[in-house]
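Student: I would like to go through this model and ask what stands behind each term. Could we take the terms in turn?

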4 protein chains.
Amino acid sequence: MSAPTTASPAFSTFETRLDVRPDDIDMNRHVHNSRYLDYVLAARYDQMERCYRMSMADFLDRGFSWVVKVAHIEHKRPLEMGDSVVVRTRVEALHPRGVRVEFEIVKASDEKLSAKGWFEYVMVHADTGRPALIPEDIAAKYAV
Amino acid sequence: MSAPTTASPAFSTFETRLDVRPDDIDMNRHVHNSRYLDYVLAARYDQMERCYRMSMADFLDRGFSWVVKVAHIEHKRPLEMGDSVVVRTRVEALHPRGVRVEFEIVKASDEKLSAKGWFEYVMVHADTGRPALIPEDIAAKYAV
Amino acid sequence: MSAPTTASPAFSTFETRLDVRPDDIDMNRHVHNSRYLDYVLAARYDQMERCYRMSMADFLDRGFSWVVKVAHIEHKRPLEMGDSVVVRTRVEALHPRGVRVEFEIVKASDEKLSAKGWFEYVMVHADTGRPALIPEDIAAKYAV
Amino acid sequence: MSAPTTASPAFSTFETRLDVRPDDIDMNRHVHNSRYLDYVLAARYDQMERCYRMSMADFLDRGFSWVVKVAHIEHKRPLEMGDSVVVRTRVEALHPRGVRVEFEIVKASDEKLSAKGWFEYVMVHADTGRPALIPEDIAAKYAV
């Protein structure tokens, strides 16, 4: 269901396939704008476990969590009921306290771009919500 | 924003007003079926705190939580973007381990019935999720 | 992805697999009650097209639509982030103006029952929303 | 429920109050990231009708609709169950084919900033989805 598809010098791109659900559709019969962010979050959860070998549960076990600081999305083509999408994400930059992730959402049937953008996540201590330094072994896992 | 509106011999009816949000609307330009359940859950949260004087946070502090066992809903008239609703709920029966709550959702503008139904909740120990006996003081709060 | 799994004398059971998404999870770290209904609606859309050979778009083209009149759901075991589910539905009864559909949602990993229930749908004229008689050729498609 | 709160030289700021709903809450017991966009969209719908005197229905009647091209959001403080928010929006720039809207979401109880950002909308012909020139009378309504 996923494999590196394009390789930047530093970071791999991973992908996750998702099907549009009825409740995603809005009054214009398109996927509602807010749902695209959830598609990306769903893809990251999937890829954290499957591609980076460290699931959100693993992060929580170590006392860490990820928090979205900034989300930026550009819409290109609407999605409709019955569509499936492929969500590709790539770590663009790894900072001491966070990570910037680029994404693109393409329609599965024709590979046409539906939306693209980026997220900035910061790592926090799960109990306090305060920013944390990303441990070296975790940084190494993300440097694939 | 709310007061008992009709009194059964045993239990009061409370009400909460909510506005339809864009993401509630489905491809038929009506509120999506699944959202009605969230309207009722939102109303119960509001009423637990405001009308029964015991919020969900209070329950959690005592080590208890409520879990939905059964939900039943009958749709009468669709809701649309721009509508506000009044959600009325009433404890219909109080059992040693749970409570049955009736609800109706009416359009705020004309009081016409949009949906009605009932929920069965059971009380559980928040840490284990296992069923709990409802303590007498909590049962007393619900017997208004 | 789907095939008749058990056969009643009259009607087939079809199934659809879905993955839990982050936004489905509620404050108890379980899938929110209202999302189960969307899982069933998603499964029916999928099965209308794939198993009954008449998609919602086909219905709309003929001037018809389906409306949920009653939904009834019993929760057995919670679902969590990372779970996949199989939604099985079966036409239980076909009436001149509607259909009753039974469903069960099981966890994909262990086949344990998470929820079960039924929906009553009525067919309507898409332009007016008024009840329609189900044409014989459509009834025949549902009698598989 | 709303009035201009701060005035830029050119454009007014309007506000809409919303209550967090149970289904908005995610596994971290905070409002899920994707819901903030829906809060802003809900506020704009409300303000289009109430503050700009031209509802989305009015736009559709004239054959126009608005489409989100870009959304950008920065998260400052999480929101929780029981919170109410005030969503303030302001037209920042009016272009021949679109509008840029700034927003901020503050917690109603203490006015602390939860999130801020901006949306770029383009006007489209509702039937074709193709970009449209904003008619002068509509531009005038937005220039308040």
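**Terms and values**

Tutor: Chain A has three helices and five strands, where helices (H or I, at least four residues) and strands (E, at least two) are DSSP runs numbered from the N terminus. Along the sequence the pattern of chain A is β-α-α-β-β-β-β-α. This is a predicted model, in which local features need pLDDT of at least 70, side-chain atom pairs count only at pLDDT 80 or more, and totals for chains, interfaces and linings use all residues. Residues are numbered from 1 along each chain as its sequence is written, and chains are lettered from A and ligands numbered from 1 in the order in which they are written.

Student: What makes chain A as compact as a globular protein of that length?

Tutor: The radius of gyration, taken over C-alpha atoms, is set against the globule rule, 2.2 Å times the number of residues to the power 0.38. For 144 residues the rule gives 15 Å, and chain A has 16 Å, which is close, so chain A is as compact as a globular protein of that length. Its C-alpha atoms fill a box of roughly 45 × 35 × 25 Å along the principal axes.

Student: Why is A:Arg29 called partly exposed?

Tutor: A residue is buried if 20 or more other C-beta atoms lie within 10 Å of its own, exposed if 12 or fewer, and partly exposed in between, with C-beta atoms placed from the backbone. A:Arg29 has 13 other C-beta atoms within 10 Å, so it is partly exposed. A:Arg29 is in the loop between strand 1 (13-19) and helix 1 (33-50) of chain A. By the cut-off for buried, 43% of the 144 residues of chain A count as buried.

Student: What is there to note about phi of A:Arg29?

Tutor: Most residues other than glycine have a negative phi. Phi of A:Arg29 is positive, near 65°. D:Arg29, not a glycine either, has a positive phi of about 65°.

Student: What makes a set of residues a nonpolar core?

Tutor: Its members are buried Ala, Val, Leu, Ile, Met, Phe, Trp, Tyr and Cys residues joined through C-beta atoms within 7 Å. The largest has 67 residues, and D:Val40 is one of those with the most contacts inside it. D:Val40 touches D:Val87, D:Thr89, D:Phe103 and D:Phe119, not counting residues up to four places away in sequence. Another core, of 66 residues, lies apart from it and includes B:Ile25 and C:Val99.

Conventions:
Contact = placed C-beta atoms within 7 Å.
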